[in-house]
Structure formats: C-alpha cells, structure tokens
Amino acid sequence: MGYLENLLAYVNKLIGEPGDDQQVLFEKKALFFAGLAGLLTNVFIFIVNNLRFADIRRVTAMPGLVASVVLLCQLLFEKKVRPGVAEVVMYSYMLGILIGDYSSAALSNPLMWSFIILLLDVALVCRLPPRATRNIIIASLVWFVVNAIESSFRIGFYDFSFLPSQEDRRDVFSCTHLPCTKPILSNAIIILYGRVAIFLLDFYFTRGFASRLYAERQKMENVILAAENIAETLS
C-alpha cells in the first residue's frame, strides 16, 4: 500500500491546488485516472492496428484520444476542468466503447462494454449533470438489446461491409470450423487490460466514496455528541 499512497500523493501534487478540499481533490483524481486510462487504451488501439484507419474501430479511437489529451492537459496545466468538458469526454468514451463493441461482435471477439461501468463511476463521483448518467445508461441499454437480438436471431445487423474490414472478416471466417481459432495477442492484452483496469479503478472509486461517506458520518456523530455534552452541561 506504500507504493499506492506515494502514487496518489504524487498525483495530488500534479493536479491539486492549495485550496482544494478532499471532495474536489478526489473528483480531480477520478477524472485524471479516467483520462489516463482512456489515453492508454486509445493509443494501444492505434498501435495494434499499425496506426492505420482501415476500419471504423481505428477512426472512433480518435475522439477518445483527443478527449483524453484535452482532459489531462486541463488537469495538469490549469488544475481544473472547464464546465462541460468532462461530460463531452464521457460521451466520447461511450461512443468509442459502443462502436468498438459493434466491430468486435461482428468478429466474435470479446466485448468491452463493461468499461461503461467506469464511466458511470466517474460521472457519479464527479457529480456530472444527471443527463450524463441518464444518456450513458440509455445508450448502453439500447446496445444490450440490439446485441441480444442480433446474437439470437442473426438478422444481419453485423453484416455491413464497412464494419469491420473485409480483411478482418477473412481472418476470422475463412476456415472450415467457424469462427477460426486464430491466436491474436492484441485480443489477449485488451482482455487482460480491460479486466484489471475495471477491477482496480472500480474498487478505487467505490473505496473513495465509502471512505468519504464514513468520514462524514463520523463528523456528524461527533457533532451530535458534542451538542449532547453541551446540553447536559447547561442543564
């Protein structure tokens, strides 16, 4: 835990200001880690795809990459996030996740929709407008319904020629027993990275929320106890 505490203390120095209270600092750290995770994820997408724009997965990585850079630059240089920027960043991530899942589903690859859980965590922790969480939830539920219908009835929703590329389709479906068992290191890395990131960041956000809730409860109990002692003294 010493390394984690040192890391968090270093992040506090990078993005914190002298007048920040614990709530504001925690919100900044939530946005910082969300931006850092988004930056690493989108850079990885470009690297494993050889920095080409052959299909829509690489194209949709660009909004998330730009949004991550803007978010991190504001936190590091301005020590704050301008109103509306965090909400736009969340929408950019959501779009990239859902369209990336669409492409992955068409190739029978693992889906990464669970990253949306982190988006909701950040939206709640950073007290984004209620419409942000509402829109993310609605878009996710629509995707779940579409994916469930297509997976069960095969109505052709995944058969559009532009998503994914024909080259990707041949790698997966041009064999005797479908889908083709072609080992892809990038898929294994994405799966491992996704699960570790979701597990650790969700735990971090939940622990931070619970710790602050317990601290507020303790303060309230202390105030009540002090008020009782004063009342007894006066009586």
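Contact here means heavy atoms within 4.5 Å. Helices (H or I, at least four residues) and strands (E, at least two) are DSSP runs, numbered from the N terminus. The model is predicted: local features need pLDDT of at least 70, side-chain atom pairs count only at pLDDT 80 or more, and totals for chains, interfaces and linings use all residues. Residues are numbered from 1 along each chain as its sequence is written, and side-chain values use heavy atoms, with hydrogens and water left out.

**Figure 1. Overall composition of the chain.** The predicted chain has 8 helices and 0 strands, so that its elements run α-α-α-α-α-α-α-α from the N terminus on. Of the 235 residues, 37% are buried (under 20% relative accessible area; exposed is over 50% and partly exposed in between, with a 1.4 Å probe and protein chains only). Among contacts between residues at least 6 apart in sequence, 68% join residues at least 24 apart.

**Figure 2. Packing of helix H5 against helix H6.** Two packed helices are described by the angle between their axes and the distance between the axes. Helix H5 (residues 115-125) and helix H6 (residues 130-153) pack at about 165°, with axes 10 Å apart (axes are lines fitted to C-alpha atoms, for helices over the stretch in contact, and angles run from 0 to 180 degrees between N-to-C directions). H5 and H6 are therefore roughly antiparallel (angles over 145 degrees; under 35 is roughly parallel, 65 to 115 roughly perpendicular and the rest oblique). From H5, Ile116, Leu119, Leu120, Ala123 and Leu124 meet Thr133, Ile136, Ile137 and Ser140 of H6. By class, this contact has 7 nonpolar, 2 polar and no charged residues (nonpolar: Ala, Val, Leu, Ile, Met, Phe, Trp, Tyr, Cys and Pro; charged: Asp, Glu, Lys and Arg; polar: the others, Gly among them).

**Figure 3. Packing of helix H4 against helix H5.** Helix H4 (residues 85-106) packs with H5 at an angle of about 170°, and their axes are 10 Å apart. H4 and H5 are therefore roughly antiparallel to each other. Met90, Tyr93, Met94, Ile97 and Leu98 in H4 meet Phe115, Ile116, Leu119 and Val122 in H5. The contact of H4 with H5 has 9 nonpolar, no polar and no charged residues.

**Figure 4. Loop residues with positive phi.** Lys79, in the loop between helix H3 (56-78) and H4, has a positive phi of about 60° although it is not a glycine. Arg127 is found in the loop between H5 and H6. Arg127, likewise not a glycine, has a positive phi of about 55°. With a relative accessibility of 57%, Arg127 counts as exposed.
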